[in-house]
Amino acid sequence: IWVALNGAGRVVRIDPATGAIDLVVHTPGCPTPTSCTFGGPDLDELFITTAARPAGGQLFRAKMPFGIKGLPEPEWQGGD
């Protein structure tokens, strides 16, 4: 589970089995991360948006270590 900690300047990954934080991604100079998603050709980059408070309104990109990757989203098949 990935959580953007607005006011703390970081995004954390929480192990759902233990509740322990097992990875921290800092947003240097910006204490207001708001959301995150995986992207890039291999889904191994974490994109983090920030609020428009001091130094906010930025987009951070962090290359993930240890082979961490996001999951692909299913494509919409159309319909009514």
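How many bridges join strand β2 (residues 10–14) to β3, and in which direction do the two strands run?

Analyst: This is a predicted model: local features need pLDDT of at least 70, side-chain atom pairs count only at pLDDT 80 or more, and totals for chains, interfaces and linings use all residues. Residues are numbered from 1 along each chain as its sequence is written, and side-chain values use heavy atoms, with hydrogens and water left out.

Five bridges join β2 to β3, and the two strands run antiparallel. Strands here are DSSP runs (E, at least two residues), numbered from the N terminus. Two of them pair if DSSP finds at least two bridges between them. Within this pairing, Val12 stands opposite Val24 in β3.

The pairing belongs to an open sheet of three strands, ordered β1-β2-β3 and antiparallel. β1 (2–5) and β3 stand at its edges. Each has a single partner strand, so one side of each lacks a neighbour in the sheet. On average, neighbouring strands are turned by 25° against each other, direction ignored. That angle is taken between axes, lines fitted to C-alpha atoms; angles run from 0 to 180 degrees between N-to-C directions.

Leu23 is in contact (heavy atoms within 4.5 Å) with Trp2, Val11, Val12, Arg13, Met64, Pro65, Phe66 and Ile68, leaving aside neighbours within four places in sequence. Leu23 also belongs to the largest nonpolar core, which has eleven residues in all. Such a core is a set of buried Ala, Val, Leu, Ile, Met, Phe, Trp, Tyr and Cys residues joined through side-chain atoms within 4.5 Å. Buried means under 20% relative accessible area, exposed over 50%, and partly exposed in between (1.4 Å probe, protein chains only). Other members include Val11, Val25, Cys30, Phe38, Leu46 and Ala62. β3, β5 (45–50) and β6 (59–63) are the elements that give two or more residues to this core.

That brings in the other sheet. Three strands form it, open and antiparallel, in the order β4-β5-β6. β4 and β6 stand at the edges, each with a single partner, so one side of each is left without a neighbour in the sheet. Here too, neighbouring strands are turned by 25° on average, direction ignored. Five bridges join β5 to β6. Leu46 stands opposite Ala62 in β6.

Cys30 lies in the loop between β3 (21–26) and β4 (33–39). Cys30 is buried, at 2% relative accessible area. The structure holds zero disulfides; a disulfide is a pair of cysteine sulfur atoms within 2.5 Å. For Cys30, the nearest cysteine sulfur is that of Cys36, 14 Å away. Cys36 is likewise in no disulfide, and at 22% relative accessibility it counts as partly exposed.

One aromatic pair turns up in a search of the whole structure. Rings of Phe, Tyr and Trp (its six-membered ring) pair if their centres lie within 6.5 Å; planes under 30 degrees apart count as stacked, over 60 as edge-to-face and the rest as tilted. Trp2 and Phe38 form this edge-to-face pair, 5.4 Å centre to centre with 80° between the planes. Trp2 sits in strand β1 and Phe38 in strand β4, 36 residues apart, so the pair links distant parts of the chain. Trp2 is partly exposed at 24%, whereas Phe38 is buried at 19%.

Conventions
Helices (H or I, at least four residues) and strands (E, at least two) are DSSP runs, numbered from the N terminus.
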